[in-house]
Amino acid sequence: DATMTGSEMPLLVHGMMALIAGHRDERGTAEEHLRAVRDKVISAASSRSSAHFAFLAQALTAERAGRPAQAMAVLAQGLDPSIARDMPDHFLLFPPLVRLALLTGDGQAAADAARAAADAADRERLPVKQAAADHCAGLLAGDPGRLLAVAGYYAATRRPLQRGQALE
């Protein structure tokens with residue numbers, strides 16, 4: 001991104017690398033990348049614009065360590081209007097938040113995240129935001145047809161991680 005400042009790039013790169021390592025079950029590598037940016041994730045509004053990968057990686061690390069409530073708390077930060085305003089991709093936090101909330105029996109948190117995803121899609125009518133909203137709604141309703149349609153969108157737009165999550 002041409003508008004990214006030098007202080008945002010490490011957060012973006014380390015967050016992305018931590019997320020990749022987490023999905024490969026390379027926990028030590030994931031934690032190393034997260035440690036490199038731990039103080040930068042939400043410390044300044046300007047850094048939040050590239051923090052979504054770090055949030056997703058932190059949540060994945062917590063979930064894999066058996067702490068789903070902590071994982072939810074990390075992702076729920078995307079519901080905070082002040083954080084959401086500074087993080088354009090905050091809507092990407094909502095499908096895993098809905099999944100975790102349903103897993104832990106927190107229907108209210110799942111509904112709140114699904115509503116936030118729908119609101120984000122309504123505010124900015126982008127197909128990827130609508131897909132995230134549909135992903136959340138499909139999870140919330142237990143609607144496999146909706147989730148398969150979302151997985152189809154993710155496949156067509158070359159988003160293999162989100163496709164796998166929708167199929168899961």
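Helices here are DSSP runs of H or I at least four residues long, strands are runs of E at least two residues long, and both are numbered from the N terminus. This is a predicted model: local features need pLDDT of at least 70, side-chain atom pairs count only at pLDDT 80 or more, and totals for chains, interfaces and linings use all residues. Residues are numbered from 1 along each chain as its sequence is written, and side-chain values use heavy atoms, with hydrogens and water left out.

**View 1. His90 sits in the loop between α6 and α7.** Is His90 buried or exposed? His90 counts as buried, because its relative accessibility is 7%; the cut-offs are under 20% relative accessible area for buried, over 50% for exposed, and partly exposed in between, using a 1.4 Å probe and protein chains only. Leaving out residues up to four places away in sequence, His90 touches Gly78, Ala84, Ala120 and Arg123. Contact in these legends means heavy atoms within 4.5 Å.

**View 2. His52 belongs to helix α4.** Here's another histidine to look up, and His52 counts as buried because its relative accessibility is 5%. Which residues does His52 touch, not counting those up to four places away in sequence? They are Met87, Asp89, Leu92 and Leu93.

**View 3. Helices α4 and α5 pack together, with axes that come within 7 Å.** Look for α4 at residues 52–64 and α5 at residues 68–76; their axes cross at roughly 170°. That angle makes the two helices roughly antiparallel. On the α4 side, Phe55, Leu56, Gln58, Ala59, Ala62 and Glu63 take part, and they meet Gln70, Ala71, Val74 and Leu75 of α5. Sorted by type, the residues of this contact come out as seven nonpolar, two polar and one charged. For that sorting, Ala, Val, Leu, Ile, Met, Phe, Trp, Tyr, Cys and Pro are nonpolar, Asp, Glu, Lys and Arg are charged, and the others, Gly among them, are polar. As for the geometry, axes are lines fitted to C-alpha atoms, for helices over the stretch in contact, and angles run from 0 to 180 degrees between N-to-C directions. Angles under 35 degrees count as roughly parallel, over 145 as roughly antiparallel, 65 to 115 as roughly perpendicular and the rest as oblique.

**View 4. Helices α7 and α8 pack with their axes 8 Å apart.** Residues 94–103 form α7, residues 107–123 form α8, and the angle between them is about 165°. The pair is therefore roughly antiparallel. Which residues make the contact? From α7 come Phe94, Leu97, Val98, Ala101 and Leu102, while α8 brings Ala109, Ala110, Ala113, Ala114, Ala116 and Ala117. By type, that's eleven nonpolar residues, no polar and no charged.

**View 5. The largest nonpolar core holds 46 residues.** A nonpolar core is a set of buried Ala, Val, Leu, Ile, Met, Phe, Trp, Tyr and Cys residues joined through side-chain atoms within 4.5 Å. Leu75, Phe91, Phe94 and Val98 touch the most other members of this core. At least two core residues come from each of α1 (8–23), α2 (27–37), α4, α5, α7, α8, α9 (127–141) and α10 (144–156). Which helix gives the most? It's α8, with eight residues. As background, nonpolar side chains tend to be buried together in soluble globular proteins.

**View 6. Leu75 is a residue of helix α5.** Zoom in on Leu75, which counts as buried because its relative accessibility is 0%. Setting aside neighbours within four places in sequence, Leu75 is in contact with Phe55, Leu56, Ala59, Leu93, Pro96, Leu97 and Leu100. Glu32 lies 43 residues from Leu75 along the chain, and their C-alpha atoms are separated by 20 Å.

**View 7. Asp25 and Arg158 have positive phi values.** Asp25 is in the loop between α1 and α2, and its phi is near 60°, a positive value in a residue other than glycine. With 45% relative accessibility, Asp25 counts as partly exposed. Arg158, also not a glycine, has a phi of about 55°. Find Arg158 in the loop between α10 and α11 (160–167). Is Arg158 buried or exposed? Arg158 is exposed, because its relative accessible area is 75%.

**View 8. Gly145 lies in helix α10.** With a relative accessible area of 44%, Gly145 is partly exposed. Gly145 and Ala101 are 44 residues apart in sequence, and 21 Å apart in space from C-alpha to C-alpha.
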